[in-house]
Amino acid sequence: RAITSKQGVREILEVYNAHLPEFDVVNIVTVLHRIAKAHDYAEWHGHAAVKSVLSEAHSRTHSFNPQHISNTAWALAACMIRDQAFCEALSEQSLRKLEAFDVQNMQNTIWAFAKLLFVDQPLMDTLGNAFVERIAEASVQDLTSTAWACAVVGASAEPLVAAVNAACASRVAEFSSRDISGLLWAQAKLEVKDLSVLEPLAAAAAERSVQFNSQDISLTLWAFAKLWMSRPAVVDAMKARIVDRIDKLIPRDVASVAWSYARLTCNDPEFWTMIAGAATEKVMQFAPQNISNTSWAFGTIAHLDRPLFDGISAAAVARAGQLSAQDKANIVWSFARVELRDEALLATISSESMRRMNEYSRQHVTNIAWALGKLNVHDRPLISMLLDHAMMSIETASPQDISSVAWSMARLLERDPRCLEAISREAKRGIGEYRAQELSNLSWSFAVMRSFDRGLFDAIAEQTIGMIPSFLILNLTNTLWAFAAMSCEHTPLITAITDACYKKVDHFYGQAISATAWSCAKLMVTPEPLLEALAGVAVQTISCCAPQNLANTAWAFAKLQLRNDPLMSAISAEAQLKLQHAIPKELSSTAWAFAKLAISDPPLMNKISEAVVACIADCDAQTFANMAWAFGTLVLEADPLLEAISEVAIIRLRDFDPQELANTAWAYARLAVVHKPFLEAVMQESLGKLPEFAMQNLTNTAWAFAALGFRNKHLLEAVSAHTLERRDELIPQELSNMFWACAKVGHLDEELFEAYATESMRLIGEYVTQDLANTAWAFATLLFVHRPLLDAISASAAMRASEFERQELSNTAWAFALLEGADDRLMDALRKEVHVRLPQFDAQALSNLADSVPVCAGELLERLDPLLDDYVGSMPTSIREWSSGSFSQVMRRIGADNFGRAGTRRLFERMGVGVAPPDFLQRAIRRIGLAKAEGDFRLENWGLIHKRVFCYAEYDVVTPSGEPLRGTLLRENGIRVGHAPPPSW
């Protein structure tokens with residue numbers, strides 16, 4: 001009684017020291033027990049006087065009875081005195097005297113040794129078996145404490161745990177909230193999912209939730225989360241209790257609750273906002289694991305609460321040295337999940353990780369690498385170290401780890417050949433274990449890094465085909481995209497994926513639609529049912545599409561030449577709303593698609609043009625070329641756009657590939673836009689890259705510069721030389737383009753023309769009407785005669801005259817009339833077509849045909865007369881009017897650059913210009929002869945031949961002042977080169 005009445009350790013020790021000689025075992029055990037219960041024991045922990053009591057008790061263990069053993073063990077545990085020798089002595093005595101133990105002695109001893117983490121398996125097994133035999137005598141506290149002890153030491157005691165659970169299942173009604181939460185915690189810690197006890201505990205927890213304090217709530221939720229058991233009644237009841245007690249939760253409980261609800265996938269934004277507020281207030285008090293768990297929880301449910309994450313960052317940085325590898329991996333992973341890039345945190349994690357990389361497991365490395373990839377953090381030293389660590393154990397890595405590392409490398413574009421080879425090797429070796437997510441990530445990663453391993457892709461394909469039913473939409477579209485990006489044709493796989501996509505297409509969204517369509521286009525496969533369904537879903541969900549989705553979808557359908565007007569109309573409307581968010585490539589892809597499908601949509605194209613001009617400095621060569629090509633193809637005015645392209649692209653032409661150079665020149669020609677400095681630069685850049693040009697690029701370039709009026713003999717000679725070397729690749733349009741370009745510039749190389757003519761003879765059956773007309777026009781312009789080819793053209797034109805466009809018909813008639821090569825069949829066909837189409841001909845065609853088809857001249861000139869009247873009637877009447885340029889508008893309206901021989905004679909008649917007398921003609925011929933004898937500027941300076949056109953005039957007038965003016969005028973037309981101004985009279 002003298003001992004038990006004392007409250008403080010000092011008082012207890014005074015009694016102990018005063019009476020030790022007369023103390024028996026009971027007194028010694030009582031002293032130790034009272035010290036453990038003393039309110040001030042913490043101040044005496046490790047004190048010599050306490051150690052003296054321990055030593056005395058240890059020396060007398062042989063005399064201990066079961067009560068002494070269990071009380072002493074309890075005291076050691078309460079004081080957290082881990083004395084191995086003492087514990088072993090108690091264990092030995094327990095085994096010797098086990099038969100005398102009652103249930104409480106057993107429970108206290110089991111609990112105490114568990115608390116001290118002292119594991120004596122023979123003793124635990126023996127005590128456990130004895131406890132099971134007498135479990136009916138156990139109180140609720142005995143049962144729950146024993147379960148707790150088993151969980152703490154993780155002892156292999158399945159029979160004991162099973163017996164405790166069976167006993168508890170029928171006595172849950174007697175449990176307090178602490179008993180419920182404690183037993184649940186033990187079940188979860190032991191990973192025992194015994195529904196016979198868990199279900200009653202769940203029901204009791206839900207029913208009695210109002211009795212639960214913060215710790216009870218925390219332990220209960222943690223247990224169900226740990227066991228992956230979502231019981232809505234419990235979850236909702238605890239949530240309501242938390243709402244009532246949110247301000248009473250201690251930091252550890254806040255973190256535990258967050259972790260649990262995240263693991264139970266609770267989606268309640270208001271609840272998470274409340275938890276975030278509580279966590280933010282306490283985050284600087286969090287232990288390292290609390291920081292990690294809270295961060296992980298909010299990352300798992302992707303709930304970004306900026307104040308909380310800022311607090312987590314600050315707490316993590318402040319305690320960086322205390323964070324475990326798991327903590328660091330969890331924290332950086334969670335920031336990546338919510339896509340929050342915190343530079344201070346990342347720098348700290350990087351520094352700590354590099355310093356303590358040896359503590360990291362493969363999973364830690366994988367998670368950190370994933371986070372860096374997700375956040376696009378190009379921390380080269382850390383990434384290299386992470387990859388080195390990952391490669392050290394790659395042979396034992398799981399498919400998830402391997403695919404995750406590959407994904408991270410792809411996100412960061414870390415093309416490390418050593419790592420890629422190792423990943424490929426191990427993936428091929430274990431491909432049979434890969435699941436849908438891992439297969440799609442692996443193929444996607446290698447495609448992004450442009451690392452093609454045929455063996456790996458074949459292995460992925462074979463494994464994927466067998467697992468298609470388990471693939472989610474994202475897995476399907478990513479895998480299809482990867483094979484498309486690598487141009488990897490694997491028909492069975494592509495068919496399997498497109499079939500699976502068709503079955504799920506109703507659930508597709510913007511990215512899935514565009515990725516699938518893009519992949520089909522890249523692989524040039526046309527699963528029509530799928531593509532039609534994609535178009536339908538795209539129209540319905542168009543508002544969800546980002547500019548990239550819109551651009552890629554449009555590009556895909558254009559590439560496959562599938563014109564779907566509802567889809568393109570929807571894309572146009574939505575794109576116009578989102579152009580301000582589009583990058584240059586998306587803008588140009590959209591424009592290219594509409595042009596490719598021949599959809600002229602001026603409102604869309606004008607807005608795209610304005611958007612590109614606004615970001616012209618950010619455009620690349622492909623964007624410049626695609627934009628020019630699109631507007632050229634649709635023949636839409638784009639002067640501000642082409643002006644901007646000319647000014648910016650001129651210094652970036654070295655970045656243009658042959659296709660881009662050719663397309664740009666072609667587009668400027670189609671739109672008749674002459675930006676001399678830029679086009680001359682394009683010409684020079686093209687000359688340096690001609691060996692890389694495809695045949696179409698060569699001929700389009702020649703055509704473009706000729707159409708623009710650039711008389712560059714050197715360019716034509718270079719292009720001609722390259723086409724001649726590969727003449728067997730030429731197609732009809734390319735041959736006719738080369739003939740036309742040479743004629744337009746005035747470049748006649750008879751050897752070249754003979755070679756082209758030979759190829760044309762071989763392909764004449766494939767010539768379309770434009771090819772026939774252009775070739776004939778070119779020969780006539782250069783006065784080059786190749787009788788076999790002209791005869792072949794004549795024969796073909798006679799049979800197909802009804803197919804010729806008006807301009808083509810006119811040019812063909814003009815050419816053969818000039819060359820005197822038309823046979824009767826062609827002339828008869830031309831006559832018939834003229835009669836049929838007479839109302840359709842414009843001024844130029846009427847003029848040409850009047851000279852070329854004499855039999856129809858009367859009808860043609862009669863149709864031309866009103867146009868001549870308009871022309872003459874619109875002529876200026878004063879020098880000022882002539883100088884104003886207004887007459888150029890008349891010229892454009894009439895649409896003719898000459899009226900031919902017969903038409904010009906009728907024009908002169910209306911102007912009052914009679915037929916020149918013979919002496920005037922002699923003077924004109926003599927003056928023109930002198931000019932010709934003086935030299936041919938184009939021929940002598942550029943080696944180009946041309947039809948020299950002279951205009952001779954004589955004047956004899958008297959000015960208003962009475963002064964007579966007499967003289968002659970001579971002008972030669974057509975000598976401009978590179979758009980030099982015309983000569984004066």
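1. The model is a predicted one, which should be kept in mind throughout. In answer to the opening question, the protein exposes about 44,300 Å², of which carbon and sulfur atoms supply 51%. Of the 985 residues in the protein, 55% are buried.

2. On the overall architecture, the protein holds 53 helices and 2 strands. Its radius of gyration is 46 Å, well over the 30 Å that the globule rule gives for 985 residues, and the protein is therefore more spread out than a compact globule. The C-alpha trace spans about 165 × 65 × 50 Å along the principal axes.

3. A nonpolar patch on the surface is formed by Tyr955, Val957, Leu965 and Leu969, which together have about 300 Å² of accessible area. Both β1 (949–958) and β2 (964–973) supply at least two residues of this patch. Leu965, for example, is found in strand β2, and with a relative accessible area of 36% Leu965 is partly exposed.

4. Phe457 lies in helix α26 (residues 454–467) and Phe483 lies in helix α27 (residues 473–485), so the pair ties together parts that are 26 residues apart in sequence. Phe457 counts as buried, at 0% relative accessibility, and Phe483 is likewise buried, with a relative accessible area of 0%.

5. Which tryptophans do ring pairs link into a cluster? The residues concerned are Trp481, Trp518, Trp555, Trp592 and Trp629.

6. Most residues other than glycine have a negative phi. Ser487, however, has a positive phi of about 50° although it is not a glycine; Ser487 lies in the loop between α27 and α28 (491–504), and at 47% relative accessibility Ser487 counts as partly exposed. Ala598 has a positive phi of about 60°, and it is not a glycine either. The place of Ala598 is the loop between α33 (584–596) and α34 (602–614), where Ala598 counts as exposed at 54% relative accessibility.

7. Why does Ala598 count as exposed, while Ser487 counts as partly exposed? The cut-off for exposed is over 50% relative accessible area; Ala598 is at 54% and therefore counts as exposed, whereas Ser487 is at 47% and therefore counts as partly exposed.

8. Turning to charged side chains, the count comes to 42 salt bridges. Glu174 forms one of them with Arg171, and the closest N and O atoms of this pair are 3.3 Å apart. Another joins the side chains of Asp416 and Arg418, at 3.7 Å from N to O; Asp416 is partly exposed, with a relative accessible area of 22%, and Arg418 is partly exposed as well, at 42%.

9. Asp565 and Arg563 also form a salt bridge, with the closest N and O atoms 2.8 Å apart. Asp565 counts as partly exposed at 40% relative accessibility, and Arg563 counts as partly exposed at 48%. Elsewhere, salt bridges that share partners join Glu352, Arg355, Arg356 and Glu359 into one network.

10. Leaving aside residues up to four places away in sequence, Asn293 touches Ala255 and Trp259.

Methods. Residues numbered from 1 in each chain as written. Predicted model: local features only at pLDDT ≥ 70, side-chain atom pairs only at ≥ 80, totals over all residues. Heavy atoms only, no water. Patch = residues over 30% accessible without salt bridge, like charges linked within 9 Å, V, L, I, M, F, W, Y side chains within 5 Å. Areas by Shrake-Rupley, 256 points an atom, 1.4 Å probe, with all protein chains shown as cover. Salt bridge = Lys/Arg side-chain N within 4 Å of Asp/Glu carboxyl O. Helix = DSSP H or I, 4+ residues; strand = E, 2+ residues; numbered from the N terminus. Buried < 20%, exposed > 50% of the residue type's maximum accessible area, 1.4 Å probe, protein only. Contact = heavy atoms within 4.5 Å. Rg over C-alpha atoms; globule rule 2.2 N^0.38 Å. Phe/Tyr/Trp six-rings, centres within 6.5 Å; stacked < 30°, edge-to-face > 60°.
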